[in-house]
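Here are a few exercises to work through with the model open beside you. Try each task before you read its solution.

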Amino acid sequence: MALHSYIFCIFFLLFKFSTTCCYARSLTEPLKEGFSVELIHRDSPKSPFYNPTKTLFQKLNTSFHRSLDRVNHFYAKPKATKNTPQSVIISNQGEYLVKYSIGTPPFEVMGIADTGSDLIWSQCKPCEQCYNQTSPLFDPSKSKTYEPVSCYSMVCQTLGQTYCLSDAQPNCQYTISYGDGSHSQGNLAFDTLTLGSNTDSSVAFPSIPIGCGVNNAGTFDSEGSGIVGLGGGHVSLVSQIGPSIDFKFSYCLVPLFHPKSSSKLNFGENAVVGGPGTVSTPIITGSVDTFYYLRLEGMSVGSKRIEFVDDSVSDDEKGNIIIDSGTTLTILPEKFYAKLESEVAANINLERVNITDQILSLCYNSGGHNAVEAPTIVAHFSGADVVLDSLNTFVSVSDDVLCFAFAPVASGSIFGNLAQMNYLVGYDLLRKTVSFKPTDCTNI
């Protein structure tokens, strides 16, 4: 891109950001002090995905398989066709959902809150070919603030997943393909996005780029409608509303299936993570700007430290693990995992059992208890030691069996959400840091 075009692009994006900031602040009070919204676990009774016929352990086992699916999506090689550009990103198998509204008047939908993708998209009318969705579809013709994005706009050109049909149809089209063969295709438009706040009011952000999907198929769940991208790319929600929230967001994930508490997604001043016990590590620029790469130096089991080994990462300065709220398990390279498992097993004096239908290999007879006296594990990130107790490292897979909540893969690493539970995890996209603070998330 020529220098003058690049400068114009930056100016355009800053202009969009600044108008969003000012307009939203004039609409709502909570922006002055930040705001929070509820994060709903997909297996919670509050979730449209909730299946009362499945046991807690069946739901967990399914989430373990979704963890491995997300590894394939994070580390899949991009594929492209001759006709349309595509981006292989994360499928809609994340673990948390968020309610939001599109348009004027606001039309409520529920989407997967995904730190592993950028574009916000939802199924829209009129649908050419859509998966069966049980809830109503958004109708852009009924929104007073819906404005198609031009093919010639910088937003369309910088998204990197767009194309134009012809000069006669100059509206920007997007295509997203997923590693499992699923896809979403439709129109890119600006519209008002409204988030519910913990102050019982709402926060509206005008002119947010939103994908209106009219051709969607694959493994999407019929109870949901698309994705809310929280990644680090230009069109993600946190990038678009960035100036209004000082480019900060955080979440606090309650322990699995806690009956009376909900996880929280915080923005702006509410998202600041600090005080005693807080540790921070740099976000490292990786090959995909969507993902949040960190540098894991090693892990300790009790007093024994194991240095991180990943043959696929050669440069010591590179990020070697992705932090992700949508992956249940922590995923590690086989060689490193084998050393970690061996050391954990050497520190637990319980009967080891083999569970043939589980992907987890280190399991114990818990005698009916839902906790195990496990050694403390410390994840040594660059500049930050994150202490993991048994809540973060072991999970019940049946009434009398507990398993180590880490899994090996041939290539790739993900710091999953079990390891993040009861931590306030804050992302500061200006300082390029992720911060961790031990927190009882049920009391937030």
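**Exercise 1.** Work out which parts of the chain the disulfide of Cys252 and Cys441 ties together, and which hand the link has.

*Solution.* Start with the sulfurs: Cys252 and Cys441 are joined by a disulfide, S to S 2.0 Å (the term covers a pair of cysteine sulfur atoms within 2.5 Å). Cys252 sits in strand β12 (residues 248–252) and Cys441 in the segment after β29 (433–438), so the link ties together parts 189 residues apart in sequence. Strands here are DSSP runs of E, at least two residues long, and helices are runs of H or I of at least four, both numbered from the N terminus. Now the hand: with -75° about the S-S bond, the link is left-handed. Finally, check the cover: both Cys252 and Cys441 are buried. Buried means under 20% relative accessible area, exposed over 50%, and partly exposed in between (1.4 Å probe, protein chains only).

A word on ground rules: this is a predicted model, where local features need pLDDT of at least 70 and side-chain atom pairs count only at pLDDT 80 or more, while totals for chains, interfaces and linings use all residues. Residues are numbered from 1 along each chain as its sequence is written, and side-chain values use heavy atoms, with hydrogens and water left out.

**Exercise 2.** Find out whether Cys151 and Cys164 are each buried or partly exposed.

*Solution.* First, the bond: the sulfur atoms of Cys151 and Cys164 are 1.9 Å apart and form a disulfide. Its S-S torsion is about -135°, so this one is left-handed. Then look at each end. Cys151 has 6% relative accessibility, so count that residue as buried. Cys164 has 37%, so Cys164 goes down as partly exposed.
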